[in-house]
Amino acid sequence: MERLIIIDSAIRLLAIGQLLLMALVIGRGKAPRAIRIATAALLVCICAYLLLATPVRLPQRGPFWAIVQLAAQATPTMLWVFAHMLFERRIDRRVLAISVVILVSCWIGFGLAGPDENGLGLWLGVLQRGTSLILTAHAMRIAFQERGDDLIEKRRRLRVGFVIVVGILAVMVLVIEMIFGFRHTGAVVTLPQAVAILLATMAMGAALLQSDPDLLFDPAAPAETPPAPTLSPSEQVLKQKLDAVMAGGIHRETGLTIGLLAQRLSVPEHRLRALINQRLGYRNFSAFLNHHRIAEAKAKLADPAHVDLPILTIAMDLGYGSLAPFNRAFREDVGQAPSDYRRRAFAEKS
């Protein structure tokens, strides 16, 4: 057993060293500050978990260990935040606020309850790990469900190769904790965890450190459109076909995906992805669709012939399933609500 503890400790130290080095490199990188902070915070939280879950009995008292415990418990929350930022998803502040309140409350409660595994500590553990499971499962859902909309090939591979792997690992760790308890489960249980985290850390480093500019960028920054001469002859032909079907109104079809669009154009999906992403400058297919849909919406909203046309009708005619996603896309593109845009357009004409 002592040999297993030594091996476990060595693996944990190796993983912690790699994670801290990655946090330092990414923290000093060229990515936007918010993404750098979120990525580095996630890596530091994983380090805290590795340190706290060691089978070695450490004197876990004092303010330092309290902070380590908080960071370890915050790992699923930071994974959730990281997944939203990496995959350009809007963070629901209400969900984030609730998760932070639960996190801090459980952290304070654990400090007050101490090693109580049957009373308050038990229920706090169920609440904290249940919330962590929900956040981790949602991060995995974001990575898996929306991979078809992603046009960045490296990020598409990362969805499957990193977030899902880390998510499954987090679920495994949480389930083991709920079965065996968090404190001092023994090297037989903690050693496989340490090995799995080390492997996930190596995969994460290979993905993030080699692809920093491609993955850790500012989603709010305008995409750069390459000049036309960069298009090869085959790409020019494909772009002409794409422009023709978009002018024909294919973007108005509800549920249109890049796979369906590739079928209409009779081209391989990967070629269409490369054209829209690498040549036209769009990072996801929904942004490409919204560009055409919002342009048409602006024209209709400012057209006197459609002054009495309800905004919901405009949204539905443009392929949106409901009013909410249309309003959100319109605000992101124009900076104001569709109703305000229509009111201002007609005020300028008067």
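## Close-up views of a helical chain

**View 1. Contacts across the whole chain.** Of the contacts in the chain with a separation of 6 or more, 72% are between residues 24 or more positions apart. The model is predicted. The chain has 16 helices and 0 strands. Of its 350 residues, 44% are buried.

**View 2. The largest nonpolar core.** This core has 47 residues, and Leu19, Leu43, Ile46 and Leu50 have the most contacts inside it. At least two residues each come from helix 1 (2–27), helix 2 (33–52), helix 3 (63–73), helix 4 (75–86), helix 6 (120–145), helix 7 (153–180) and helix 8 (187–210). With 11 residues, helix 2 gives the most to this core. In soluble globular proteins, nonpolar side chains tend to be buried together.

**View 3. The surroundings of Leu19.** Leaving aside residues up to four places away in sequence, Leu19 touches Leu43, Ile46, Cys47, Leu50, Thr201 and Met204.

**View 4. Arg28 in a loop.** Arg28 sits in the loop between helix 1 and helix 2. Its relative accessibility is 71%, so Arg28 counts as exposed, the cut-off being over 50%. From Arg28 to Ala40 is 12 residues in sequence and 9.9 Å in space, C-alpha to C-alpha.

**View 5. The surface of the chain.** The accessible surface comes to about 18,300 Å². Carbon and sulfur atoms account for 63% of this surface.

Definitions and conventions: Residues numbered from 1 in each chain as written. Predicted model: local features only at pLDDT ≥ 70, side-chain atom pairs only at ≥ 80, totals over all residues. Heavy atoms only, no water. Core = buried A, V, L, I, M, F, W, Y, C linked by side-chain atoms within 4.5 Å. Buried < 20%, exposed > 50% of the residue type's maximum accessible area, 1.4 Å probe, protein only. Helix = DSSP H or I, 4+ residues; strand = E, 2+ residues; numbered from the N terminus. Contact = heavy atoms within 4.5 Å. Areas by Shrake-Rupley, 256 points an atom, 1.4 Å probe, with all protein chains shown as cover.
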